[in-house]
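Here is a briefing on one protein model, grouped by topic. Please read it alongside the sequence and coordinates.

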Amino acid sequence: MTKASVRDADVDGKAVLLRSDLNVPLADGGVADDTRIRAALPTIELLRERGAKIVLVSHLGRPKDREPELSTRPVGERLGELLGASVAQGDAVVGDGVAAAAGALEPGGILLLENSRYEPGETKNDPELAASLASLADLYVNDAFGAAHRAHATTEGVTQHLDSYAGLLLEREIEMLTSVLEEPKRPLVVVLGGAKVADKLGVIERFLDTADQLLIGGAMCFGFFASQGHSSGDSLVDEEGTQLSGELLKKAEGASCELVLPVDLIAGEEFSADTEVKEIDGVDVPDGWMGLDVGPKTTADYARRIGEAGTVFWNGPMGAFEMAPFAAGTRGVAEAVAKSPATTVVGGGDSAAAVADFGLAADVDWVSTGGGAALELIEGKKLPGVEALNDG
Ligand code: ADP
Ligand code: MG
């Protein structure tokens with residue numbers, strides 16, 4: 001990391017505007033999964049130990065206006081429980097009320113602002129909103145890796161007013177993801193799947209230049225199969241994806257990276273857990289069926305390759321793993337990643353959820369909290385929320 005670190009910031013007695021990624025799923029008025037709050041703790045604890053007054057801000061969901069269901073209040077309550085400390089709740093993102101509350105903070109105290117997206121200026125990176133936010137603090141720390149690919153008022157605008165430092169989580173995310181791209185221990189085996197195929201073609205392209213093996217699963221494989229002339233039945237395929245997959249197959253012919261596609265599939269008649277299921281020894285899906293998982297031969301082959309890797313990067317489940325009949329491929333890959341002696345990095349919201357569901361998260365070296373940001377970093381794009389920080 002070439003950016004200034006919170007570890008080197010002089011925060012004693014100062015007000016720090018801390019942007020964390022506390023965008024957690026909610027249910028029944030409470031926090032349904034606190035993984036992201038836990039991931040934000042090390043930076044919060046470091047700042048408290050060093051006597052900072054913390055003005056904490058995050059977005060939460062996608063409110064259209066000030067929807068009370070998307071208040072940060074339950075997030076603050078959960079944070080307070082995890083810290084064993086009280087977290088003051090702001091009644092707005094900016095304004096006289098929160099300015100007074102920020103001014104009243106003692107060293108080590110925390111004020112959680114309201115959902116930054118209650119302000120329409122947040123996603124527009126409005127300079128006035130950025131200036132008001134900046135006026136609440138003496139310096140700024142960005143720990144919200146999951147939002148760093150967006151130039152918003154809380155991730156980019158505020159850096160124009162305050163000295164700006166990288167938080168511990170953001171630093172570690174960048175370090176771990178960059179280590180996959182730069183000087184990975186070889187062979188570098190990349191496993192890609194999932195459903196958001198168009199979002200991931202840039203990632204495939206990048207890895208064709210840098211990885212040793214690229215293993216494809218999930219709905220992503222059907223674009224490749226369709227471009228090879230296989231029948232996909234009712235599988236999830238989009239036209240744009242098919243055309244780009246064809247181009248990637250051509251590019252792969254001359255690349256040193258081996259592009260590996262499934263050799264067998266599990267198909268269902270419907271996208272449902274209690275549908276008719278059959279195993280297909282091959283990759284042609286008959287009409288009336290959809291490919292919903294990779295088959296056992298593919299899973300065994302991918303598991304072997306993962307076991308022999310020096311570095312593994314995995315993004316995107318191998319099938320519709322949320323439904324038991326189509327979970328075996330994703331489970332097999334997750335278990336192989338967990339067991340592999342390689343440096344293992346998992347990125348992507350659903351892949352991370354799969355690893356957690358299988359109880360394997362602790363056996364993976366790094367599970368990224370930043371879905372879209374992680375993919376953009378891997379693609380080689382600059383992240384505005386990182387670029388804007390002070391140089392280290
Ligand atoms: P990630 O969040 O890890 O980047 P994606 O969002 O791209 O992954 O895709 C995850 C989703 O892909 C899962 O909900 C899973 O059910 C779905 N999926 C995987 N394989 C298939 C398939 N063959 N057909 C339909 N959906 C699939
Ligand atoms: Mg996803």
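Predicted model: local features only at pLDDT ≥ 70, side-chain atom pairs only at ≥ 80, totals over all residues.

- Strand 1 (residues 15–19) pairs with strand 7 (residues 139–142) in the parallel sense, over four bridges.
- In that pairing, leucine 17 is set opposite tyrosine 140 of strand 7.

**Helix 1 against helix 2**

Helix 2 also meets helix 1. In general, a packed helix pair is described by the angle and the distance between the two axes.

- The axes of helix 1 (residues 35–49) and helix 2 come within 11 Å. They cross at roughly 65°.
- The crossing of this pair is right-handed.
- Helix 1 contributes Ile37, Arg38, Leu41, Ile44, Glu45 and Arg48 to the contact.
- Helix 2 answers with Val75, Arg78, Leu79, Leu82 and Leu83.
- Sorted by class, the contact holds seven nonpolar residues, four charged residues and no polar ones.

**Largest cavity**

How many cavities of 30 Å³ or more does a search of the whole structure find? The search finds one.

- The largest cavity holds about 40 Å³ of space.
- Its lining is made up of Val197, Ala219, Met220, Gly223, Leu236, Val237, Asp238, Gly241 and Thr242.
- Helix 7 (220–227) and helix 8 (239–254) each supply at least two residues of this lining.
- By class, the lining of the largest cavity has five nonpolar, three polar and one charged residue.

**Second largest pocket**

- About 390 Å³ of space lies in the second largest pocket.
- The lining of this pocket counts 16 residues. Nearest its centre lie Ile174, Thr178, Leu377, Lys382 and Glu387.
- Helix 5 (168–181) and helix 13 (384–387) are the elements that give two or more residues to the lining.
- Which element gives the most to the lining of the second largest pocket? Helix 5 does, with four residues.
- Seven charged, six nonpolar and three polar residues make up the lining of the second largest pocket.

**Backbone geometry**

Two spots deserve a look here. Most peptide bonds are trans, and most residues other than glycine have a negative phi.

- Arginine 186 and proline 187 are joined by a cis peptide bond. Its omega is about -5°.
- Where does proline 187 lie? Proline 187 is in the loop between helix 5 and strand 9 (188–192).
- Aspartate 28 is not a glycine, yet has a positive phi of about 50°.
- Aspartate 28 belongs to the loop between strand 2 (26–27) and strand 3 (30–31).

**Where the topics meet**

- Helix 5 gives four residues to the lining of the second largest pocket, and the loop holding proline 187 runs between helix 5 and strand 9.

How values were computed. Residues numbered from 1 in each chain as written. Chains lettered and ligands numbered in written order. Heavy atoms only, no water. Pairing = 2+ DSSP bridges. 1 Å grid on protein atoms, 1.4 Å probe; cavity = no way out; pocket = protein on both sides within 12 Å on 5 of 7 lines; lining within 4 Å. Points joined across faces, edges and corners; volume = space filled by probe spheres on them. Nonpolar A, V, L, I, M, F, W, Y, C, P; charged D, E, K, R; others polar. Axes fitted to C-alpha atoms, helices over the stretch in contact; angles between N-to-C directions. Left-handed = near helix turned anticlockwise from the far one by under 90°. Contact = heavy atoms within 4.5 Å.
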